[in-house]
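Please look over the sequence and the structure before reading on.

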Amino acid sequence: MNSVTTTSTNRVTRDFEKPLWRRVIVSREMAVVGLLIVVVLYSMVAVRGFGQPITVNYLLLDVAPILLIALPMTLIMITGEIDLSVGSMVGLASVVTGAGVQAGLPFEVAALLALLVGAVGGAFNGFLVTVVGLPSLAVTIGTLALFRGLAVGLLGTTAVTDFPALWTALAKAKIAGTTIPYIMVPFLILLVVFIIVLQFTPFGRGIYAIGLSKDAARFSGVHVDRTKFILFVLAGVVSAFAGIYYTLRFGSARGDNATGLELQVIAAVVLGGVSVFGGRGQLYGVVAAVLLIGVLSSALRLANVTSDVINVITGVLLVLSVVSASVLTWFQRSRRRPSRPPRVAASTA
């Protein structure tokens, strides 16, 4: 127990032994921000049509679900857990919304029902992880298949496309005088809320403490299980909201909507500087990583690069980010390793 507490204390000490400006500027998050700026500038010069307003609009529409889900996923991964079921929850929420409208419910009621399903699904994940004590990786792999199976089972191979024109138009509409879609408004509101919670509240400090050491967090008064449970519920609700948006944007509720979305979310969170072992990460780095992946995909598509090649490039970028973080950690530890004192020759009598 003492060794665990000492390890977490050493990690915190190493994180804050440098000046604030250096911790902010010389960081993985700022490296992602810098890379994003370079890629955007290069794409505007080298890729035909990239700088047009319609390209920006479609780019933001494409990354909106990833941006939304990446917010609670960041907090979950900072605690050292993971949620692989978010993509399936998007599909399930889409189907619940479509099935409700098909059954004659007003769209608003069907959407609220989908949000409730998201909360229940997140609570189910949280219960299995915090109460039963199962690992989140195994739990959410199971619920990934469960939620997707429920989504496909509810509608089968059919699709619901009869949604109110007002809502489908709003999902793709732009803020007056800009190329920014309205979906960015709820995202920015959630981003501000999540930043305040993570950086300026005891709840947020507890999230970092859990990732550094669950035992030390408990001794510090952090409600570890309750915190994790809340985060899984948040992930379920935000994923359901993303599912409603997904449905309206494409005007279709299908059981296979958002298949594989969870991998894009996790890739962006890891690329954005969140440690897979927990205890480290910033939301601005994750947002920059989502935008970086979106910009790369958009620019490559405009350059007539196939989707398979785009997936390979994104995967290589993710692997390099993980490898670079491991190499940097090893280098820092090797520099801190105390040198072996020189041997003293034994005196002869």
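How many of the 20 residues of α14 are buried? The answer is 15, so α14 is mostly covered, where buried means under 20% relative accessible area, exposed over 50%, and partly exposed in between, with a 1.4 Å probe and protein chains only. The model is predicted, so local features need pLDDT of at least 70 and side-chain atom pairs count only at pLDDT 80 or more, while totals for chains, interfaces and linings use all residues. Residues are numbered from 1 along each chain as its sequence is written, and side-chain values use heavy atoms, without hydrogens and water.

Helices here are DSSP runs (H or I, at least four residues) numbered from the N terminus. The expected span of a helix is 1.5 Å times one less than its number of residues. After α14 comes N304, with a positive phi near 65 degrees.

Helix α9 covers residues 184-200. Its 17 residues reach 23 Å from first C-alpha to last, close to the expected 24 Å. The buried residues of α9 are M184, F187, L191, F194 and L198. They line one face of the helix, because seen down the axis they fall within an arc of 85 degrees, the arc being that of the directions from the helix axis to the C-beta atoms. An α-helix has 3.6 residues a turn, so residues three or four places apart point the same way. The face of α9 turned away from the buried side carries the exposed residues I189 and F200.

What covers the buried residues of α9 includes α4 (53-78), α12 (224-250) and α14 (283-302). Leaving aside neighbours within four places in sequence, F187 is in contact (heavy atoms within 4.5 Å) with L67, L68, L71 and V287.

Two helix pairs are set out below; axes are lines fitted to C-alpha atoms over the stretch in contact, and angles run from 0 to 180 degrees between N-to-C directions.

| Pair | Angle | Axes apart |
|---|---|---|
| α9 and α10 | about 70 degrees | 5 Å |
| α8 and α12 | about 100 degrees | 8 Å |

Angles of 65 to 115 degrees count as roughly perpendicular. α9 and α10 are therefore roughly perpendicular to each other. In the α9 and α10 pair, V197, L198, Q199 and F200 of α9 meet F203, G204, R205, I207 and Y208 of α10. In the other pair, W167, T168, A171 and K172 of α8 meet Y245, L248 and R249 of α12.

Methods. Helix = DSSP H or I, 4+ residues; strand = E, 2+ residues; numbered from the N terminus. Parallel < 35°, antiparallel > 145°, perpendicular 65-115°, else oblique.
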